[in-house]
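I opened the structure to look up a few contacts and strand pairings. My notes follow in the order in which I made them.

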Amino acid sequence: MSLKDKLITSFFAFEDYIDADSHIHELRNIAIKSFEEKGFPTKKEEAWKYTSLNVLLKEDYCVFPKNENTIEFKDVKKYFLHEIDTYKIVFIDGIYSSFLSETTHDKVDVCLLSAALSKPKYKAVIENYFNKVAKSDSLTSLNTAFAKEGAYIVIPKHREVEKPIEIINFATGNEAALFLQPRNLIVVEENAQVQIIERHQSLTSNPVFTNVVTEIFAEKNASVDYYKIQNDNHSASLIDNTFILQGQGSNASVHTFSFGGKLTRNNLNFYQKGERINSTLKGVTIIEENQLVDHHTLVNHIAPNCESHQDYKGIFAGKSTGVFNGKIIVEKEAQKTDAFQQNNNILITDNASINSKPQLEIFADDVKCSHGCTIGQLDEEALFYLQTRGIRKKEAQALLMYAFASNVLESVKIPELKTRITKLIANKIGVNLGFNL
Amino acid sequence: MSKFTEDDLQKELETKEYKYGFYTDIESDTFPIGLSEEVVIAISKKKEEPQWMTDWRLEAFRYWKEMTEPQWANVHYTKPDFQAISYFSAPSKKPKYESLDQVDPELLDTFKRLGISLDEQKVLAGVAVDIVMDSVSVATTFKKTLGEKGIIFCPISEAIKEHPELVKKYLGTVVPQRDNFYAALNSAVFSDGSFCYIPKGVKCPMELSTYFRINQAGTGQFERTLVIADAGSYVSYLEGCTAPTRDENQLHAAVVELIALEDAEIKYSTVQNWYPGNKEGKGGVYNFVTKRGLCEKNAKISWTQVETGSAVTWKYPSCVLKGDNSIGEFYSIAVTNNFQQADTGTKMIHLGKNTRSTIISKGISAGNSQNSYRGLVKISPRAENARNFSQCDSLLMGNKCGAHTFPYIEVNNKTAKVEHEATTSKIGEDQLFYCNQRGIPTEKAIALIVNGFSKEVLNKLPMEFAVEAQKLLEISLEGSVG
């Protein structure tokens with residue numbers, strides 16, 4: 001039985017068992033129909049031209065893990081940003097772990113989607129926001145159909161969350177192959193502020209396929225900083241679908257650090273509904289072997305006087321493949337838009353490849369839009385210069401690579417996170433950079 | 001005159017009617033409409049072609065029957081009904097002309113109104129003009145001069161008869177019959193076109209030029225051009241077009257194949273100014289063209305195009321950089337106005353070592369038009385030290401038009417250096433202000449800026465053509481280009 005058939009059959013069993021109001025059941029049924037019609041995307045579709053899911057679909061995934069699995073904090077401590085105090089929402093094999101989590105209902109809601117979907121007091125928020133910005137493409141629909149658990153974060157007006165929120169999904173490997181579909185809903189109301197770190201981590205080399213959907217609503221003058229750390233095992237694959245709807249004067253930024261995983265696809269969508277909005281999309285990708293990282297970004301400028309800034313850097317070694325498809329749409333009304341997009345890539349080995357498609361669709365005349373894309377190598381002269389100063393070639397290369405990625409790191413606002421990522425980069429490049437920035 | 005603002009310019013652009021819209025009444029020898037194997041065979045017979053050519057056409061026709069029209073381009077139009085087109089049309093009086101006196105005076109009049117009087121051309125700059133009126137060449141000049149150098153420049157139908165070995169060897173090698181829907185259609189039914197062969201080591205002493213015109217209402221034009229530059233040779237080829245005002249959509253599906261053998265260089269320049277439809281978007285030419293060149297070792301192919309006409313354009317002059325050290329270039333200006341739609345760009349396929357390519361594309365959109373750049377830069381795993389630079393800039397006038405960029409970059413070699421940049425903007429208020437401040441009126445300033453915006457590409461056109469290109473830009477954006 002193919003994965004698609006398996007998912008569709010298990011949907012009906014799942015529907016009976018889930019605890020949610022009828023509105024959600026209706027959404028689920030529409031979503032599964034949409035998935036049934038479209039199926040998993042294939043390379044024939046323009047948006048998936050360079051990324052094939054075939055290898056992932058062959059596995060016989062467990063869709064609903066039966067047992068509640070536990071893990072010791074000491075075993076997974078390193079995956080947390082343990083140097084500082086944070087709120088934590090932790091899931092083990094898709095099931096909430098109250099033991100590892102630290103949630104709150106004090107002034108802000110940092111809790112679970114399953115609770116929000118079933119309890120009447122959250123009904124208004126769910127009706128206003130749930131599935132309101134997510135598209136109905138096949139993978140998002142699939143997630144909506146099975147949406148049950150994930151992070152639920154609501155920051156009320158004028159609140160600033162005092163510490164970052166970590167969302168971590170662990171896969172224990174107790175199942176031979178696991179299919180996960182977390183669903184996150186984040187609402188940041190007027191003038192509120194939040195910082196969120198998201199991570200998916202598999203603890204063994206058993207295959208894991210995660211199809212996550214995150215909806216973020218940044219209301220008037222709100223500020224959202226979202227960091228995605230993708231440093232999973234080479235047997236784990238991730239399809240990340242993030243949809244951000246911004247209101248007037250809001251600031252939203254998403255930083256994506258992709259170092260691990262077998263196949264990682266980031267569908268990052270920004271919709272600007274209001275004036276004077278600022279959107280930032282940044283990413284560093286450093287991969288090797290047979291890894292594939294695919295960034296698909298969309299920034300939809302709907303209202304005038306908005307800005308967007310995209311900066312994606314990629315370093316590709318081994319037989320790895322990088323894909324970048326950045327799309328900026330400027331609608332008729334969105335005059336005075338300032339949209340910038342940059343994608344720089346370095347190929348380290350002969351077998352690595354990069355496919356880049358920076359796309360502009362402009363319908364307004366008084367705009368400033370530009371994009372740039374480069375593909376090249378480390379500068380021989382710079383390498384030579386460093387070597388003449390007594391720095392060994394490997395370190396010299398690492399320094400240059402670090403410098404290449406550094407302007408993405410610079411805008412990381414949590415210092416401990418910046419240090420952590422610097423270490424991850426050093427690890428990935430295989431040297432001790434010997435300095436902390 | 002009162003202050004000329006961008007709004008005025010826009011209004012002027014919208015109301016601007018096609019200047020070259022007239023229709024010459026020449027008795028035509030037109031086939032009944034529709035397409036079938038019989039029609040393909042009949043076309044081949046009519047052209048007195050050898051059997052191998054008929055077979056080649058039939059093969060293409062069979063491929064075509066199995067293909068569907070491409071849908072991916074960013075253009076919207078009513079699909080042509082391929083069974084409602086007459087696939088052959090030629091002026092019926094067709095003796096071989098030796099001098100101009102023998103040419104139908106009405107035809108000559110057409111050329112005069114186009115501003116390309118043959119006598120003038122003969123005297124001027126040494127441009128040999130192979131005029132294609134509808135589908136059959138009716139006049140060829142300077143053939144003798146070219147003949148002395150061993151250069152063959154003739155209608156492709158003549159080449160099929162007189163130089164079958166060359167045509168057989170190269171036809172369809174760069175654009176195979178089954179390449180795409182329109183290329184297959186063209187291969188099956190092409191009526192005529194130009195053939196050019198430059199022998200080894202010969203530098204073609206003059207610019208070769210062909211004027212295409214679509215004339216007879218309801219006949220699609222299927223041109224086939226084949227240019228072969230043998231080792232070490234050089235040729236500069238010009239192609240320019242205008243078409244009379246007709247309300248029906250006319251289909252044009254041309255195929256151009258360029259072959260640059262070792263150390264050869266081909267410069268191919270196009271000025272396209274077919275009828276773009278009226279300002280309501282009615283009528284106009286559908287232009288679905290396949291142009292591709294193949295570069296052998298150290299060869300160079302350079303495409304320059306000025307696209308101002310056609311209701312719908314779908315055109316991607318490409319270079320296959322097969323040989324080591326070969327060079328591909330693409331310079332383009334695409335102007336769209338009213339309801340015109342253009343989806344144009346290039347493909348640079350890097351296969352050989354040390355191959356280089358440059359892409360400069362300028363799009364200007366006004367009115368309700370849509371202007372897209374679509375390009376591919378592909379560096380294959382064996383293309384060591386390949387280098388590409390792409391730049392595509394768009395200029396928007398008014399907020400009813402759109403400018404789009406779809407660049408595909410695929411790199412499979414670590415030594416590749418690829419750069420791509422694109423910008424979209426309007427004429428800056430501060431730029432205008434700066435000009436005004438220095439006593440340049442707004443109208444002149446706009447002209448200045450548009451001119452400057454296009455200069456990089458205009459500069460690449462051969463001298464003889466640059467004047468005409470400027471003229472055509474003027475027609476499309478009159479009031480802005482001074």
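Which residues in H9(A) meet which residues in H10(A)? I listed A:Ala398, A:Met401, A:Tyr402, A:Ala405 and A:Leu409 on H9(A), and A:Lys418, A:Ile421, A:Thr422, A:Ile425 and A:Ile429 on H10(A). Two residues are in contact if their C-beta atoms, placed from the backbone, lie within 7 Å.

Before going on I noted what kind of model this is. It is a predicted model, in which local features need pLDDT of at least 70, side-chain atom pairs count only at pLDDT 80 or more, and totals for chains, interfaces and linings use all residues. Residues are numbered from 1 along each chain as its sequence is written, while chains are lettered from A and ligands numbered from 1 in the order in which they are written.

**Entry: helices in chain A.** I looked up helix H9 (residues 393–409) and helix H10 (residues 415–429) of chain A, whose axes come within 11 Å and cross at roughly 150°. That makes H9(A) roughly antiparallel to H10(A). (Angles under 35 degrees count as roughly parallel, over 145 as roughly antiparallel, 65 to 115 as roughly perpendicular and the rest as oblique.) The residues of this contact divide into eight nonpolar, one polar and one charged. (Ala, Val, Leu, Ile, Met, Phe, Trp, Tyr, Cys and Pro count as nonpolar, Asp, Glu, Lys and Arg as charged, and the others, Gly among them, as polar.) Helices (H or I, at least four residues) and strands (E, at least two) are DSSP runs, numbered from the N terminus. Axes are lines fitted to C-alpha atoms, for helices over the stretch in contact, and angles run from 0 to 180 degrees between N-to-C directions.

**Entry: helices in chain B.** Helix H10 (residues 429–437) and helix H11 (residues 442–458) of chain B pack at an angle of about 125°, with their axes 9 Å apart. That makes H10(B) oblique to H11(B). From H10(B), I found B:Gln431, B:Leu432, B:Cys435 and B:Asn436 meeting B:Thr442, B:Ala445, B:Leu448 and B:Ile449 in H11(B). By class, the residues of this contact are five nonpolar, three polar and no charged.

**Entry: between the chains.** I found 31 residues of chain B in contact with 31 residues of chain A. E23(B) gives the most to the side of chain B that touches chain A, with 10 residues. That side has 12 nonpolar, 13 polar and six charged residues. Strand E20 (residues 368–376) of chain A and E24(B) pair in the antiparallel sense over seven bridges. (Two strands pair if DSSP finds at least two bridges between them.) In this pairing I saw A:Cys369 opposite B:Thr424.

**Entry: one residue in a loop.** I placed A:Asp232 in the loop between strand E10 (223–230) and strand E11 (236–246) of chain A. Is A:Asp232 buried or exposed? It counts as buried, because it has 23 C-beta neighbours inside 10 Å. (A residue is buried if 20 or more other C-beta atoms lie within 10 Å of its own, exposed if 12 or fewer, and partly exposed in between.) Leaving aside neighbours within four places in sequence, the contacts of A:Asp232 include A:His200, A:Leu238 and A:Gly260.

**Entry: a strand in chain B.** I looked up strand E18 (residues 341–344), where B:Gln341 and B:Asp343 point one way, B:Ala342 and B:Thr344 the other way, and all are buried. E18(B) runs parallel to strand E15 (residues 312–315), joined by four bridges. B:Lys315 stands opposite B:Thr344. E18(B) also pairs in the parallel sense with strand E21 (residues 370–379) over four bridges, and B:Gln341 stands opposite B:Gln370.
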